[in-house]
Amino acid sequence: MNSEEDIVLYITFLLSPMAKSLFCLRTTLPVPMFSRNDFSVWGFLKKCIGMELSKITMPIVFNEPLSFLQRITEYMEHTYLIHKACTLSDSIERMQLVAAFAVSAVASQWDRTGKPFNPLLGETFELTRDEEGYHMISEQVSHHPPISAFYSESLNQDFSFHGSIYPKLKFWGKSVEAEPKGTMTLELSKHREAYTWTNPMCCVHNVILGKLWIEQYGTVEIVNHSTGDKCVLNFKPCGMFGKELHRVEGHIQDKSKKKHQVIYGKWTECVYSIEPKVYEVNKKAEKKSGEDSKKHKQVKSSTVGDDADEMPDVQETVTMIPGSTLLWRVAPRPPHSTQMYNFTNFAMTLNELEPGTIGVIAPTDCRLRPDIRAMENGDIDTASQEKERLEEKQRVARRERAKDEEEWSTRWFQQGNNRYTGAADWIYKGGYFDRRYSDLPDIY
């Protein structure tokens, strides 16, 4: 812990419903991950350069034992930030916590170099966290292009968080770039507010040679459609000397474009807010005294091969500027995380079939997928066979629908437009938690 404020925040987390619920759930996977050392990544990927990877059947060696629908659910790991925002009376203070939530939603991607399983058409995932006060449902609503829709809401109707994601993946020779197209929408019912934003770009480096590492970059603009407040966050690319790796910096402004707060930190670590004048004074002082170069290690040459993108050896700790307020700090990962696909504690729980779950959740829930379950249990051969069987079953079903001139019908979401941005979106129709699943398709 770096400060008294950190200790208070950590104790608050330990006493929170989230921590209590995690203590009751599993803390590890059934077996450690398998070794990828015997697989020639280049032998497969060299024919994929410049192509969109969502249209290619990938070997299971690239995967982690979660569906993309479960990966989306990791947005909810820090739901306490939304609950806290609901209690605040000031819109700028609420925006600070919404910004922290938007940053925290991508924190679990750090070092997560395994690819989640592509969801099958009609696949669903339900997450219910009673002690944290919310539940969530997601559905794979389209196969080509692959679109996943999700909807979550608090059990006391304080908020809803929803959206649809069309992840476009491209391989560029040494790296895989992911563009998470789609709009996130957060509604706070008590304040009659709606916030929208899109997630940053993600890039996995050295998929062929060298140490895998991840960076997020791009501008994320969070808009409060009720007040006109806006938060502009810049997820900074690594840069030539690695000084900016993982850094996030931005500001909150009102509808008249007056800046109220500066947001800074790292998406892998923590986020702070501070008054703009104090921030600028600190930056000028840093520049004048040359402290900036002392606070960050320069990249050291540790070449692993002429074709590899070196991962910058940079200091991870964010230097807190006096007068800052800590908004969010990432929870530590379990000590065995590196042997478990670099999962967080939250991710470790997502594919767990708790007692009494079967027969309650929908038969399309991805926790019932045999390929993911086999991979989680360490049976890679069965996982690969089941993955091929399910993909072929999906292709046969698609051909049958085409033959009968029948269109696929989604169950829980319908196409529409986001009511705040006007962009194409998938809208939750309701009814999932009524537990009427008798007419769902047999996709497994």
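This is a predicted model: local features need pLDDT of at least 70, side-chain atom pairs count only at pLDDT 80 or more; totals for chains, interfaces and linings use all residues.
Colleague: How many helices and strands does the chain have?

Modeller: The protein chain has eleven helices and 18 strands. Of its 444 residues, 52% are buried. Among contacts with a separation of 6 or more, 62% are between residues 24 or more positions apart.

Colleague: Moving inside, which residues have the most contacts in the largest nonpolar core?

Modeller: They are Phe161, Leu186, Trp197, Ile222 and Leu233, in a core of 76 residues. Helix α6, residues 91-104, gives the largest share of this core, with nine residues. There is also a second, separate core of 14 residues, which includes Ala149, Phe413, Trp426 and Tyr432.

Colleague: What does Ile222 touch?

Modeller: Leaving out residues up to four places away in sequence, Ile222 touches several residues, including Met95, Val98, Ala99 and Ala102. Its other contacts include Tyr195, Trp197 and Leu233.

Colleague: Back to α6, please. Is this helix mostly covered or mostly open?

Modeller: Helix α6 is mostly covered, with 13 of its 14 residues buried. From the first C-alpha to the last it reaches 20 Å, close to the 20 Å expected at 1.5 Å a residue.

Colleague: What caps the N-terminal end of α6?

Modeller: Asp90 does: one of its side-chain oxygens lies 3.1 Å from the backbone nitrogen of Ile92.

Colleague: A change of topic: where does Gln253 lie?

Modeller: Gln253 lies in strand β13, which covers residues 247-253.

Colleague: Why does Gln253 count as buried?

Modeller: Gln253 counts as buried because its relative accessibility is 12%, and buried means under 20%.

Colleague: Which side chain does Gln253 join in a polar contact?

Modeller: The side chain of His251 is joined to that of Gln253 by a polar contact of 3.0 Å. Not counting residues up to four places away in sequence, Gln253 touches Asp229, Lys230, Lys258, Lys259 and His260. Asp229 and Lys230 are also among the residues that Ile222 touches.

Colleague: Finally, how much accessible surface does the protein chain have?

Modeller: The accessible surface comes to about 20,800 Å², and 52% of it belongs to carbon and sulfur atoms.

Conventions: Residues are numbered from 1 along each chain as its sequence is written. Side-chain values use heavy atoms; hydrogens and water are left out. A nonpolar core is a set of buried Ala, Val, Leu, Ile, Met, Phe, Trp, Tyr and Cys residues joined through side-chain atoms within 4.5 Å. Buried means under 20% relative accessible area, exposed over 50%, partly exposed in between (1.4 Å probe, protein chains only). Helices (H or I, at least four residues) and strands (E, at least two) are DSSP runs, numbered from the N terminus. Contact means heavy atoms within 4.5 Å. A polar contact is a pair of N or O atoms within 3.5 Å; within protein, one must be able to donate a hydrogen and the other to accept it, and residues adjacent in sequence count only if both atoms are side-chain atoms. The expected span of a helix is 1.5 Å times one less than its number of residues. Accessible areas come from the Shrake-Rupley method with a 1.4 Å probe; for residues, only the protein chains shown count as cover.
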